[in-house]
Amino acid sequence: MKTIKSLLLSLVATMFLASCADDPEGPSSTQYYGDCFHHVYNVMSGSYKIFDAPRYEFEFDYSALTADITIDNVKFADGMPAISMTMKDLKWNVKNKFKTIEASDVIPVVDGKEMPEYTINSIKVEILDRYVGAYYEPIININFIVNSAFKVTAVQKHILYMGETTVTSGSSSNPFTNNTPMYQLTIDKELTAQLKIAGAKFAQGMPALDMVFKGIAVGINSGVGYSLNSEKLIPEINDVPYPNYEIANLDGEGVFSTGLNLSFECNIKRISDSNEVIITPYMVNATLNYEVY
Amino acid sequence: MRRKYIITIIGLCVSLLGVRAQSSGAVADTTLSLQEISVSAIKQSSNMRVQPISSTTIGGGVINRLNIDAMKNVSEMAPNFYMPDYGTRMTSSIYVRGLGARIDQPVVGLNVDNVPFLNKDNYDFDAVDIERIEVLRGPQSTLYGRNTMGGLINVYTLSPMKYQGLRLLAEYGSGNSLKTAVSYYAKFQPRLAMSWSGYYSMTDGFFDNKYSGADCDTEKQGGFRWKTQWRISESVNLENVASAQLSRQEGYPYASIVTDEINYNDTCFYKRTGVTDGLTIKWLNDKFTLSSISSFQYIDDNMTLDQDFLPLEYFTLTQKRKEWALTQDVVARGNVGKYNWLGGLFVFYKSSDMNAPVTFKDYGIDQLIEKHRNEANPYYPVNWDDNTFVLGSDFKTSTWGVAIYHQSGYKIGRWDFSAGIRLDYEHVALNYHSYCNTSYTTYDCTETQELENVFNNHEVKIDDRGSLDKSFVELLPKVSVTYNLPTINPSNIYASVSKGYKAGGYNTQMFSDVLQQRIMKFMGLGMKYDIDDVVGYDPEESTNYEIGAHLTTNNGILNADVAMFYIDCRDQQLTMFPDGTTTGRIMANAGKTRSYGVEASVMYRPSVKWMVNASYGLTDARFVEFNNGKNDYSGKRIPYAPRNTMFAGVTYRQPLNTKWINGLSFNLNCRGVGSIYWDEDNSVKQPFYALLGASMRLEHSLYSIDLWAENITDTEYKTFYFVSIGNGFYQQGKPARIGVTLRYNFDI
């Protein structure tokens with residue numbers, strides 16, 4: 001798999017198709033969303049289930065400022081058949097650049113009939129229409145509570161972050177800061193993540209690297225965000241492991257509505273001319289958000 | 001074989017001595033024919049010394065005496081004008097007053113018999129029967145447009161209207177250097193004259209390649225010119241000059257700074273075919289003159305280089321190009337009483353097809369790619385699957401431009417006031433195709449250092465096509481004031497301010513950097529840059545402030561020209577190292593420079609027997625701002641531009657009244673240049689050096705024989721220095737040389 005092409009092109013190919021009947025400032029638009037899985041938290045039992053491949057359709061009315069939401073392939077528990085539910089005429093507006101739909105106590109329509117047993121106690125949808133270069137890279141946050149029993153979070157599978165990366169190393173007293181690296185986070189339904197850093201640099205004058213961290217453990221905080229953890233991992237560059245760039249103590253705290261704070265250590269090993277192993281430690285802290293730099 | 005050839009030529013010349021002939025006499029040093037239609041006469045004046053311009057005119061006498069047959073021979077003769085002799089005929093680096101260019105756009109324009117040469121790669125060629133060379137210093141952009149920011153050179157060849165006869169030349173000198181030329185000038189009617197000239201030269205050069213044991217600066221070249229001058233009527237003059245040149249050079253004599261040896265293993269050569277035609281038509285009436293200058297130029301060349309200049313299999317470069325250009329300049333000029341005016345329209349179109357592959361070879365792959373990559377990851381090292389691979393590049397570039405210009409002058413008593421303006425629009429488009437098809441294998445060496453366990457195989461396939469385009473608009477003003485001194489012979493003091501520019505465009509040589517970055521990117525290293533950022537650059541602009549004087553004593557025996565100047569240059573076109581890359585560079589308009597200095601030229605003729613000419617130029621040219629991403633060079637001297645140039649020549653002619661010799665001339669000359677810094681850091685330099693030359697001429701009305709010597713003291717000096725993949729190389733100047741030149745003129 002080629003690194004730089006997959007970073008952006010795969011997202012466009014798989015994730016999101018924005019279809020507008022007219023110009024977004026016209027009367028209405030329809031958006032589809034499927035690049036996510038449902039993390040369903042059972043309030044009673046305290047356990048959670050993952051259900052893959054829900055499909056969302058949003059119809060925005062720009063004059064009435066109302067929106068219709070249709071969710072296909074929805075399940076809340078094992079053994080339950082997948083259903084399709086529609087909620088109509090929900091109020092929406094723009095908050096902090098996100099198109100935001102908020103509503104409470106909504107009775108959805110399933111198979112043409114209102115289903116009070118699936119009452120949506122509260123629902124919040126945030127959509128940031130974002131372009132990175134020529135590519136559409138939206139941020140979609142969705143969470144809702146069903147019948148006071150299930151907290152559903154639609155976890156976006158592919159999220160692109162940018163922001164400030166600060167690197168401190170033992171050999172230099174001045175931290176190195178830059179905002180050119182791009183962080184592509186991919187979360188799968190097994191709750192493991194792959195983080196790809198395109199253009200990672202640890203020092204001035206160092207060539208930029210496209211590093212991939214695989215197998216990061218993910219925890220979901222329903223409706224709020226997620227965590228990333230890994231004690232030790234070997235990054236890959238261009239599908240080749242780089243043991244001499246071993247990563248340790250990777251920690252990430254993601255908040256769906258704002259961004260991701262990430263930190264890790266990178267201990268770069270090199271062999272000197274006298275065959276001595278020299279290790280240079282780097283501490284990386286990244287404060288990432290959804291801004292485009 | 002060559003000796004027989006020479007003897008045959010000399011014998012032919014001797015046998016023609018028996019033919020009755022008339023002598024046209026020696027060519028004057030500053031011959032200006034009012035019958036010629038020259039571009040400088042069309043746009044300025046036939047006498048440059050009445051203009052508010054710092055200029056040097058080299059006449060036929062000096063040209064003959066110093067064997068000037070190419071522009072590089074004029075170096076240092078005009079103050080602050082330096083054209084180093086290195087590389088091949090494609091290398092036409094010119095530095096004037098601290099401004100210069102090694103690659104891409106030139107800072108000095110060149111017209112040959114009114115044909116504007118648009119590509120500086122064409123500037124270096126030989127010509128026979130050069131009658132006059134004008135070197136105008138300071139921006140000439142208002143009247144001549146693009147790429148005349150440092151000045152303009154006009155070369156004029158002998159007019160068949162002025163001279164009719166047969167001219168033969170045979171020359172032999174050091175380095176087994178041979179040159180022959182034949183020209184025939186005829187006037188068919190009082191109003192129609194034509195000339196045909198041809199030449200051939202060859203040399204074994206002066207330097208050997210240690211690797212092959214062969215000469216590495218040999219050359220063979222030839223050319224032909226057909227000139228037609230037709231006075232169609234009392235008011236219409238026409239001149240057409242068609243020429244063709246072929247040259248083939250083997251090798252680049254670049255020696256390692258460490259070993260002082262020229263030692264490289266791959267083929268190096270440069271060959272070129274050039275065709276030009278220039279048609280000038282001038283129409284005069286009572287009120288104004290209208291002139292049209294049209295030209296066509298075609299060049300087909302091939303430069304192939306061992307780009308590392310080492311006896312190692314690093315990489316080679318080939319650049320094959322076919323380029324053609326059309327230009328059209330229409331100038332109207334007139335005066336009404338004390339007011340004179342000039343207006344013009346200039347258009348041009350240039351199209352170029354280039355194929356420029358870089359071939360990476362075994363050692364180059366190992367050192368430039370595998371080594372860097374494997375240092376970063378010794379546990380999973382890579383090994384290229386092929387011993388060589390090609391980074392291919394094809395380019396199609398089209399450039400066109402249009403300009404209108406105007407100049408007005410007004411005379412009040414002894415004062416001449418002049419102001420001009422030019423509006424210049426240019427558009428350049430580049431279509432590129434970059435390609436590469438290679439692969440490498442990654443090995444798992446976590447348990448063994450041997451390349452046994454294949455981890456994976458990677459293809460590196462690049463097939464990029466794209467197009468870029470830029471447009472530029474430049475407004476180029478000039479103002480000047482001249483005070484004409486109350487002397488018998490024209491003398492004046494002047495001051496001027498003028499703006500010049502060097503065109504923007506695309507540096508296709510930078511595509512190799514783009515492709516290298518692409519390959520590194522395939523391996524997960526480095527950043528991919530926008531191609532336009534890497535190869536594109538905008539115009540460079542300068543403003544020249546100057547005061548000067550042209551002085552002639554009342555008895556006419558002493559001419560002196562002096563000038564002081566200050567130039568500030570903005571948006572300088574430089575190569576930069578953007579952050580994040582180990583090998584890549586980008587073109588950028590990133591610098592500001594300033595340059596100031598003085599120039600002086602003197603010609604002294606105390607009697608008909610003696611002539612002394614001398615010139616001196618001093619330039620202090622420095623970066624005001626220049627940070628290339630790795631270092632800050634502000635305050636450093638601009639590399640490759642000399643601080644001093646000087647030339648001095650003394651000629652003595654003793655008339656003799658014998659049957660075989662009418663006169664005996666001696667010339668002693670000295671040219672000097674330096675110091676020159678070779679890098680932006682000013683860490684490597686060539687100190688000032690001087691080269692002594694001399695000649696003795698036996699003259700007859702029909703023929704002349706020159707015995708000459710150049711660099712008599714065998715001074716060692718460097719004409720060029722550069723660094724390639726961390727290794728320093730230089731080209732040594734030519735050693736001491738002697739030769740003999742036989743000229744025969746059978747005047748009709």
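Domain bounds here come from an automatic or database domain assignment.

## Model and confidence

This is a predicted model. The predictor gives the complex an ipTM of 0.75 and a pTM of 0.81.

In chain B the average pLDDT is 88, and 92% of the residues score at least 70. Residues 1-36 of chain B have a pLDDT under 50, and the model has 52 contacts beyond four places in sequence for them. Residues 580-584 of chain B are also below 50 in pLDDT, with 17 contacts in the model beyond near neighbours in sequence.

## The two domains of chain A

Chain A is assigned domain 1, covering 3-156, and domain 2, covering 159-289. Their C-alpha centres lie 30 Å apart. Between them, 18 residues of domain 1 of chain A are in contact with 14 residues of domain 2 of chain A.

On the domain 1 side of this contact, the elements of chain A that give two or more residues are α1 (3-14), β3 (36-42), β4 (48-52), β14 (139-146) and β15 (150-156). The most comes from β15(A), with four residues. By type, the residues on the side of domain 1 of chain A that touches domain 2 of chain A are eight nonpolar, six polar and four charged.

## Two loop residues in chain A

Leu65(A) sits in the loop between β5 (55-61) and β6 (66-74) of chain A. Its phi is near 55°, a positive value in a residue other than glycine. Leu65(A) counts as exposed because it has 12 C-beta neighbours inside 10 Å, and the cut-off for exposed is 12 or fewer.

Asn147(A) lies in the loop between β14 and β15 of chain A, and both of these strands give two or more residues to the domain 1 side that touches domain 2. The phi of Asn147(A) is near 55°, again a positive value in a residue other than glycine. Asn147(A) has 14 C-beta neighbours inside 10 Å and therefore counts as partly exposed.

## Overall form of chain B

Chain B contains seven helices and 39 strands. Its radius of gyration is 27 Å, close to the 27 Å that the globule rule gives for 748 residues, so chain B is as compact as a globular protein of that length. Along the principal axes, the C-alpha atoms of chain B fill a box of roughly 95 × 60 × 45 Å.

Of the 748 residues in chain B, 48% are buried. Among contacts in chain B with a separation of 6 or more, 69% are between residues 24 or more positions apart.

## A three-strand sheet in chain B

One open sheet in chain B has three strands in the order β14-β38-β37, with antiparallel pairing. The edge strands are β14 (255-256) and β37 (718-724) of chain B, each of which pairs on one side only.

The pairing of β14(B) with β38 (residues 727-732) of chain B is antiparallel and runs over two bridges. Within this part of the sheet, Ser256(B) stands opposite Phe729(B) in β38(B).

## A cis peptide bond in chain B

The peptide bond from Gly674(B) to Ser675(B) is cis, and its omega is near -10°. Ser675(B) is placed in the loop between β32 (663-674) and β33 (676-677) of chain B.

How values were computed: Residues numbered from 1 in each chain as written. Chains lettered and ligands numbered in written order. Predicted model: local features only at pLDDT ≥ 70, side-chain atom pairs only at ≥ 80, totals over all residues. Contact = placed C-beta atoms within 7 Å. Nonpolar A, V, L, I, M, F, W, Y, C, P; charged D, E, K, R; others polar. Rg over C-alpha atoms; globule rule 2.2 N^0.38 Å. Buried ≥ 20, exposed ≤ 12 C-beta atoms within 10 Å, placed from the backbone. pLDDT = per-residue confidence, 0-100. Pairing = 2+ DSSP bridges.
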